[in-house]
Amino acid sequence: MGKETIARRDFLKAAALSGMALGTAGVLAGCASNQQEQAAPSGADITWDKEADILVVGSGTGAFAALAAAKLGSESVCLLEKGQFWGGTAATSGGGMAVPLSDAAKEAGVNDTKEAVVEYYLNASEGRADETVINSFLDNGNDFLKWTGEALGWTWTPSTLFGDYYEPLPGWIPFGRASLGASDSSGALVAAQMWEQLKAALTDAGVEIMMETPATTLVTDENGAVIGVRATSGRDEIAIKANHVILATGGFDHNADMRAKHLPFKILATNACTTNTGDGHKMGQAVGADLSYMDSCWGAPAILTTGQDPKELIANNEIAQEIAGTDWAMYRGLPGAVVVNRKGHRIGNEATAYDTYNKAFAYYDNGEMEHLNIPSYFICDSACWNTYSLPGHTVGSMDGGYFDETYGSDGSDGEFPAHFVQADTLEELAEKLGVDAAGLAAELAAFNENAEQGIDPVYHRGEKQLDLNTTAVMAGMRTDLANPCLAPVATPPFYGAIYVPGTCGTAGGLTINENAQVVNALGEPISGLYAVGNCSSGVSGGRYVGGGISLGSGGVMGWVAVHHALGL
């Protein structure tokens with residue numbers, strides 16, 4: 001692959017750094033203490049412990065907003081982070097940012113237009129996205145990227161891999177809008193490095209960073225304007241006065257009540273950080289904010305590696321305790337692999353992007369009266385098993401492919417991974433997995449016959465550019481197959497694992513306008529309040545339009561919020 005490709009090994013190294021604490025609890029110099037009295041909504045006096053011009057809540061994409069505020073002229077900036085790990089889910093992500101119409105894309109030869117991007121976003125969201133917000137995102141995106149060059153020394157390169165996900169809807173293009181990768185003078189940066197550099201830049205700019213300090217309540221004046229927050233720091237409750245509050249608190253993946261209330265089917269896995277419990281959503285609602293796209297998530301299905309019973313997870317509305325098998329890698333799309341439901345039927349095009357594949361779990365069987373595809377089952381044959389690495393199972397160094405020797409290993413030193421089962425026949429495998437044996441046999445008989453010819457007349461696997469791109473990452477674009485995404489599942493022994501719907505973040509939140517201001521049900525801005533990232537309605541109507549849209553939209557709209565707040 002050429003220089004324009006983001007190294008997916010770097011992506012995996014970012015995931016491996018997920019347990020690293022990039023920040024420490026404490027307060028850095030920056031905000032002035034102020035014991036000034038202000039009127040609370042109840043009419044009672046409130047004692048302010050601190051005061052800031054701009055207060056950012058959340059250190060994921062909120063870190064960009066805080067740095068922009070400090071660099072663009074705010075007199076004082078504070079940033080609160082609920083958890084003990086700096087950067088939240090963003091710091092353990094792939095690090096790619098979807099920002100269309102960039103100079104980097106133009107330099108790579110991408111021919112794109114604003115009209116085409118708007119058309120694509122509206123089609124992908126089935127008309128749900130707010131066109132004024134899309135336009136604001138597009139109008140400001142390239143300026144945001146250029147500013148990161150000035151403030152952080154970063155340059156950007158478009159990836160040929162995880163591009164527009166809703167191929168071939170009108171407005172779609174194969175390359176240039178999604179997963180821009182950051183580099184500095186040392187080379188390509190993974191997300192953990194990006195957020196470490198952001199933290200250092202914030203410290204140098206005099207931003208006060210308060211770790212392990214969750215915001216709990218927005219404080220408003222008698223007119224309903226947001227004038228600050230209450231937060232918990234250690235054992236103390238503190239009140240921080242602010243002229244502008246930017247919420248960047250992430251999604252509600254780890255809030256069982258909110259998942260049950262808003263998501264259309266059960267999510268059993270997530271790699272979102274455990275502090276994502278919908279705090280910003282609830283604080284915003286309490287001051288009259290509208291909500292949008294709460295039925296949406298950034299889908300990331302997973303091989304269940306925890307040993308938990310998925311039926312119990314479903315019954316108890318629980319998330320698996322730990323996820324090692326999030327399917328960024330498209331294990332399901334490997335030659336010689338499929339995913340089936342308990343009747344033995346495939347549930348979709350296994351080579352498609354993780355988010356669009358996650359939608360296949362939504363199918364509701366009105367004969368069985370259940371979501372028949374939850375859980376489903378990953379199945380592969382020995383040719384696949386002996387060629388490619390899978391969660392808990394590493395094959396060599398995967399030279400030229402997706403995995404290195406670190407990722408894909410559960411530390412079992414060659415022991416058979418407990419979350420997989422092995423069988424000499426498909427019938428035996430079906431029994432071990434709880435899949436209908438006759439249904440599986442019939443399904444694979446048809447699939448294998450077509451795979452030999454390189455076709456998938458049911459789900460058209462391997463016919464899209466995205467299928468080929470992602471298979472090239474995993475499988476090294478095999479030339480011995482009629483279709484590089486397809487091979488029969490025919491060589492015993494066979495292997496199987498439980499495959500479940502998951503997220504890398506929920507995608508609905510406080511409704512924002514083109515300035516990233518939070519609005520009420522009438523579309524009126526709530527003075528002093530902004531929202532960006534996964535606690536907001538975002539820019540794409542709750543749809544994962546391309547790789548990096550969560551980071552890209554959060555970063556750009558934080559930039560937009562700061563410009564509006566400072567009157568720039």
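Where is the place of Pro168?

## Model and backbone features

Pro168 lies in the loop between β5 (155–158) and β6 (180–184), where helices (H or I, at least four residues) and strands (E, at least two) are DSSP runs numbered from the N terminus. The model is predicted, with local features needing pLDDT of at least 70 and side-chain atom pairs counting only at pLDDT 80 or more, while totals for chains, interfaces and linings use all residues. Residues are numbered from 1 along each chain as its sequence is written, and side-chain values use heavy atoms, with hydrogens and water left out.

The peptide bond that leads from Glu167 into Pro168 is cis, its omega being near 5 degrees. A cis peptide bond also joins Ile374 to Pro375, with omega near -5 degrees, and Pro375 belongs to the loop between α10 (354–358) and β17 (376–381). Although Leu101 is not a glycine, it has a positive phi of about 60 degrees; Leu101 sits in the loop between β4 (77–80) and α3 (103–107). Asn317, likewise not a glycine, has a positive phi of about 50 degrees and is found in the loop between α9 and β16 (337–340).

## The second largest pocket

The second largest pocket has a volume of about 290 Å³. Of the 15 residues that line this pocket, Lys311, Ile314, Glu370, Ile374 and Pro375 are the closest to its centre. On a 1 Å grid over the protein atoms alone, a pocket is an open set of points where a 1.4 Å probe fits, with protein on both sides within 12 Å along at least five of seven lines, and lining residues have an atom within 4 Å of a point. Grid points are joined across faces, edges and corners, and the volume is the space filled by probe spheres set on them.

Helix α9 (residues 310–316) contributes the largest share of the lining of the second largest pocket, namely three residues. By class, that lining divides into eight nonpolar, two polar and five charged residues, with Ala, Val, Leu, Ile, Met, Phe, Trp, Tyr, Cys and Pro counted as nonpolar, Asp, Glu, Lys and Arg as charged, and the others, Gly among them, as polar.

## Packing around helix α2

Helix α2 (residues 62–71) and helix α15 (residues 549–565) pack at an angle of about 35 degrees with their axes 8 Å apart, the axes being lines fitted to C-alpha atoms over the stretch in contact and the angles running from 0 to 180 degrees between N-to-C directions. Phe64, Ala65, Ala68 and Ala69 of α2 make the contact with Gly555, Gly558, Trp559 and Val562 of α15, contact meaning heavy atoms within 4.5 Å. The residues of this contact comprise six nonpolar, two polar and no charged.

The axes of α2 and helix α5 (residues 131–152) come within 12 Å and cross at roughly 70 degrees, and the two helices are therefore roughly perpendicular to each other (65 to 115 degrees, with angles under 35 counting as roughly parallel, over 145 as roughly antiparallel and the rest as oblique). Phe64, Leu67, Ala68 and Lys71 in α2 meet Phe144, Trp147, Thr148, Ala151 and Leu152 in α5, a contact of seven nonpolar residues, one polar and one charged.

## Helices α12 and α13

Helix α12 (residues 426–433) and helix α13 (residues 437–453) have axes that come within 9 Å and cross at roughly 130 degrees, and α12 and α13 are therefore oblique to each other. Their contact is made by Leu426, Glu427 and Ala430 of α12 together with Ala437, Leu440 and Leu444 of α13, and its residues divide into five nonpolar, no polar and one charged.
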